[in-house]
Amino acid sequence: MIRDRGRIKWTSMMLPEHVKLLRDWVKEDGYEQKKEMDEQQLELMNETLSEAIEFDQFVTITHYRNRNYEIVIGKIHYWDELAQKLHVVDRFDEVHRIQIDAITDIRMTNL
């Protein structure tokens, strides 16, 4: 069985710019593509959103931010129609402003 140092062996012979480009390339592999929503999903999310605002319920919101998907659990404080953002307050009283077109899923949560 051959046991060598793998990539460590080659980085000493590379220029720092090339090493940085390789690290950036590896980081880009972890990026996720934003999924397109269909009309049925949008309608279901709209119903869930309306119900959560009306009954002041906790929701789990999955949204696309910084090339990755993030999850926020909290109550919807209000909907800013001009900026097209939801203001969500989580359990730690932290306010999240989520762009409405970045939301990919909304579900009711029982806490």
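Glu39 is exposed, with a relative accessible area of 65%. By the cut-offs used here, buried means under 20% relative accessible area, exposed means over 50%, and partly exposed lies in between, with a 1.4 Å probe and protein chains only. Please note that this is a predicted model, in which local features need pLDDT of at least 70, side-chain atom pairs count only at pLDDT 80 or more, and totals for chains, interfaces and linings use all residues. Residues are numbered from 1 along each chain as its sequence is written, and side-chain values use heavy atoms, with hydrogens and water left out.

Glu39 lies in helix H3, residues 39–55. Helices here are DSSP runs of H or I with at least four residues, strands are runs of E with at least two, and both are numbered from the N terminus. Glu39 also belongs to a negative surface patch, together with Asp38, Glu43, Glu47, Glu51 and Glu54. A patch takes residues with over 30% relative accessible area and no salt bridge, and joins like charges within 9 Å.

I turn now to helix H2. This helix covers residues 16–29, 14 residues in total, and reaches 20 Å from its first C-alpha to its last, close to the 20 Å expected at 1.5 Å a residue. The expected span is 1.5 Å times one less than the number of residues. How many of the 14 residues of H2 are buried? The number is one, so H2 lies largely in the open.

A salt bridge requires a side-chain nitrogen of Lys or Arg within 4 Å of a carboxyl oxygen of Asp or Glu. An α-helix has 3.6 residues a turn, so residues three or four places apart point the same way. Asp24 is partly exposed at 28%, whereas Lys20 is exposed at 52%.

The whole structure holds four salt bridges. Among them, Arg65 meets Glu70 at 3.2 Å, N to O, and Arg107 pairs with Asp105 at 2.7 Å. Arg107 is exposed at 54%, while Asp105 is partly exposed at 22%.

Finally, the backbone. Most residues other than glycine have a negative phi. Gln84, however, has a positive phi of about 60°; this residue sits in the loop between strand S2 (68–80) and strand S3 (85–90). Asp93 also has a positive phi, near 60°, and is found in the loop between S3 and strand S4 (95–99).

Terms used. Patches are made of residues with over 30% relative accessible area and no salt bridge: like charges are joined within 9 Å, nonpolar side chains (Val, Leu, Ile, Met, Phe, Trp, Tyr) within 5 Å. Accessible areas come from the Shrake-Rupley method with a 1.4 Å probe; for residues, only the protein chains shown count as cover. Lys and Arg count as positive and Asp and Glu as negative; His and the chain ends are not counted. The place of a charge is taken as NZ of Lys, CZ of Arg, CG of Asp or CD of Glu.
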